Amino acid sequence: MAGLRLLVASVILGFLSSTSESLRFELQSGHTKCIVEDIKANAMTVGKYSVVNPNEGHPIPDSHKLTVRVTSHYGNNYHYSELVESGQFAFVAAEAGDYMACFWAPDHKPQITLTIEFDWKTGVAAKDWSNVAKKGSVDVMELELKKLFDTVTSIHEEMFYLRQREEEMQELNRTTNSRMAWFSLLSLLVCSSVAALQWWHLKTFFEKKKLI
């Protein structure tokens with residue numbers, strides 16, 4: 001039984017580690033690139049970014065700076081750093097939804113390309129398990145079980161969150177269908193009124209001309 005738990009824990013933790021690998025991308029000077037992450041309310045999120053030195057073994061050029069801003073879909077600002085080579089942020093999401101990390105490289109002549117490494121972890125992946133082990137003085141087996149428990153809790157919360165989103169979408173569909181039904185009925189009434197008015201106008205016209 002213990003072996004099975006360790007196997008399940010290894011599989012789940014291996015999945016988590018693969019989803020929290022650093023992302024490397026290129027950014028040209030004078031341009032902006034944004035990365036979006038869907039985060040649940042009250043979830044912990046941690047991010048770390050740095051500009052890759054194009055000349056390893058030498059100081060990074062002054063031109064290789066960037067400005068970083070992290071905002072929620074409501075426009076609330078959670079992190080801002082201007083003209084830095086590297087940085088990090090950590091916060092607990094106050095609201096559920098899409099959070100956006102935007103990277104901007106100042107204009108430069110001639111144009112240069114920056115390579116950026118970015119690591120963004122959320123939920124269980126954002127937890128510092130090394131500190132948990134040190135503070136709790138737990139052995140390997142207990143630590144794996146703690147990770148497994150937190151992972152299962154995170155999956156349960158994610159399923160509940162997805163269910164909430166599904167209910168919201170269903171309510172939106174019902175509202176949209178109701179509005180479309182009323183709009184169709186209104187369109188039918190308008191068309192019927194216009195047709196009746198045209199018929200009355202033509203009938204009056206032909207009666208005046210004594211054609212009918």
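Start by selecting residues 180–200: this stretch is 100% helix and 0% strand, with its end C-alpha atoms 30 Å apart. Helices here are DSSP runs of H or I with at least four residues, strands are runs of E with at least two, and both are numbered from the N terminus. The unreviewed UniProt entry annotates residues 180–200 as "transmembrane region"; such annotations may be inferred rather than shown by experiment, and their positions follow the numbering used here, with feature names shortened.

A note before moving on: this is a predicted model, where local features need pLDDT of at least 70, side-chain atom pairs count only at pLDDT 80 or more, and totals for chains, interfaces and linings use all residues. Residues are numbered from 1 along each chain as its sequence is written, and side-chain values use heavy atoms, leaving out hydrogens and water.

Next, colour the whole chain by secondary structure.

A search of the whole structure finds one disulfide. The link is right-handed, with 110° about the S-S bond. Cys 34 sits in strand β2 (residues 32–39) and Cys 102 in strand β7 (residues 97–104), 68 residues apart.

Finally, switch to a surface view. Cys 102 is buried at 18% relative accessibility, while Cys 34 is partly exposed at 36%. Buried means under 20% relative accessible area, exposed over 50% and partly exposed in between, using a 1.4 Å probe and protein chains only.

Methods. A disulfide is a pair of cysteine sulfur atoms within 2.5 Å.
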